[in-house]
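Subject: Handover of a structure model

Dear colleague,

Please find below the structure that I am passing on to you, together with its sequence. My findings follow directly after it.

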Amino acid sequence: MPKNLDILKKEEQALAPEARIKYFDIVIESGKGATIKDVEGNEYIDLLSSASATNTGHSHPKVVQAIKDQAEKIIQYTPAYFANDKAAKLAERLTELAPISGPVKLAWGTSGSDANDAIIKFARSYTGRQYIVTFTGAYHGSTYGSITASSVSLNMTRKIGPLLPGIVKVPFPDPWKKKDYETNDQYVDRMFEEFMHPFETYLPADEVAAILIEPIQGDGGIVKTPSKFMEKIYQFAKDNGILFAVDEINQGMGRTGKWWSIENFGIEPDLMSVGKSVASGLPLSVVIGRAEIMDSLGAPAHLFTTAGNPVTTASSLATIEVIEEENLLQRSSELGQKSLEFFKQEQKNYPFIGDVRMYGLDGGIDIIDPQTKKPDVEATTKIIYRIFELGAIMISLRGNILRYQPPLVITEEELEKAFEIIHQAFNDYANGKLKAPANSSEIGW
């Protein structure tokens, strides 16, 4: 039987260090539903869903069959020149599902990164304006456009500048910035003042093409934009001819209990980027928008040899069917409520648990120092490593936030087992039983 460490040691000689954020020394061999197995035969309950890329679980039979059936016909013939039946059907389904009124069109890509690059392209083309406004804490991808729009890690800017010009970042209203003396409305008003500062000093609103936001930030900590703040910036965009674009790559496809996270706000975007779970983890992405915007570019401004190929689009069609047939939107909401109740109870028992955020099966749980109330990265690393030892996969964000995103198909039995594992890890930490792993300084973002 192959060993995890042996494989990792050999891979290390060939794999560049920037290609993986380190967490646990395992090599994934297989997965089924909400369970994954490493090459040594160890099984884990997956509380990460491959970074929210496998909302329908691992190797769902319907998705697997769709991939097999299509692969036996043809795997690839470039959609850049010729149509294929699966992509044509999927285009219709996705534009129907998009939370955008009126005629809607889309363009294919292979990753969420290029979908966000597409938002920049289409917004600039349609408006004739250059500037794109994004938010601190955002993760939009790793291509030059999307990495410039991101603001979650210094390693995404270090040594690779100059980055794309015309991208302006404004502060995201995350919960850690709220002052103890502020009401929610006062906090929103203050953050909106900070949002407006560039527009009042150096950024002409009539030269801004788009505002791009994650309605619920993913890698920034699983944080929902305050609704009143969202309404304010949306109205500002509409008043100034600025396109309103949303990144649904991490939070779309049922993750929050709705098809799209922007549906939690009752706001219609002009453009949206979709990826990750759209094809149950196969390399497919989509930019969707109002038809008049999507008609503003001509080929080959945004096309790729393998984007929208028959296999990935077949997988996506099956993914949509699974979400609908198995009522995964409702399941996400119901199991998300159960998860919220569990973490809220743990919060009462353990003072090192700070804020708990849950939007469907989509949660961020802060680990803090009980005395200072500051983020506790060391404690977080000990806890996620203990969860791993006990048989579940959970990682951290921003150093001290537990990322909780199980597959939407997780069974209630698996969920209860996961709760037992997490509770034991919390309890072991509270009783001083946990030591930091030897490589703790290398773990996480």
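Helix 7 and helix 8 are roughly parallel to each other, because the angle between them is about 30° and angles under 35 degrees count as roughly parallel. Please note that this is a predicted model, and that what follows was computed from it. Helix 7 covers residues 184-201 and helix 8 covers residues 227-239, and their axes lie 9 Å apart. The crossing of the two is right-handed. On the side of helix 7, the contact is made by Asp185, Val188, Asp189, Met191, Phe192, Phe195, Met196 and Phe199. Helix 8 contributes Lys228, Phe229, Lys232, Ile233 and Phe236. By class, this contact of helix 7 with helix 8 has 9 nonpolar and 4 charged residues, and no polar ones.

Two further helix pairs are described below. In general, a pair of packed helices is described by the angle between the axes and by the distance between them.

Helix 4 spans residues 85-97, and helix 10 spans residues 310-325. Their axes come within 8 Å and cross at roughly 40°, and the two helices are therefore oblique to each other. This crossing is left-handed. Lys86, Ala87, Lys89, Leu90, Arg93, Leu94 and Leu97 are the residues of helix 4 in the contact. They meet Pro310, Thr313, Ala314, Ser316, Leu317, Ile320 and Glu324 of helix 10. The residues of this contact divide into 8 nonpolar, 2 polar and 4 charged.

The other pair consists of helix 12 (residues 377-390) and helix 13 (residues 412-430), whose axes come within 9 Å and cross at roughly 135°. Helix 12 and helix 13 are therefore oblique to each other, and their crossing is right-handed. From helix 12, the residues Ala379, Lys382, Ile383, Arg386, Ile387 and Leu390 take part in the contact. Their partners in helix 13 are Ile421, Ile422, Gln424, Ala425, Phe426, Asp428 and Tyr429. The contact of helix 12 with helix 13 has 9 nonpolar residues, 1 polar residue and 3 charged residues.

Strand 4 supplies the largest share, 4 residues. By class, the lining has 19 nonpolar, 3 polar and 2 charged residues.

Finally, some points concern the backbone. Most peptide bonds are trans, and most residues other than glycine have a negative phi. Which residues does a cis peptide bond join, with omega at about 5°? Gly161 and Pro162 are joined in this way, and Pro162 lies in the loop between helix 6 (144-149) and strand 6 (167-170). The peptide bond from Ala299 to Pro300 is also cis, with omega near 5°. Pro300 is placed in the loop between helix 9 (291-294) and helix 10. Ser50 is not a glycine, yet has a positive phi of about 50°. This serine, Ser50, belongs to helix 2, which covers residues 49-52.

With kind regards

Terms used. Residues numbered from 1 in each chain as written. Predicted model: local features only at pLDDT ≥ 70, side-chain atom pairs only at ≥ 80, totals over all residues. Heavy atoms only, no water. Axes fitted to C-alpha atoms, helices over the stretch in contact; angles between N-to-C directions. Parallel < 35°, antiparallel > 145°, perpendicular 65-115°, else oblique. Left-handed = near helix turned anticlockwise from the far one by under 90°. Contact = heavy atoms within 4.5 Å. Nonpolar A, V, L, I, M, F, W, Y, C, P; charged D, E, K, R; others polar.
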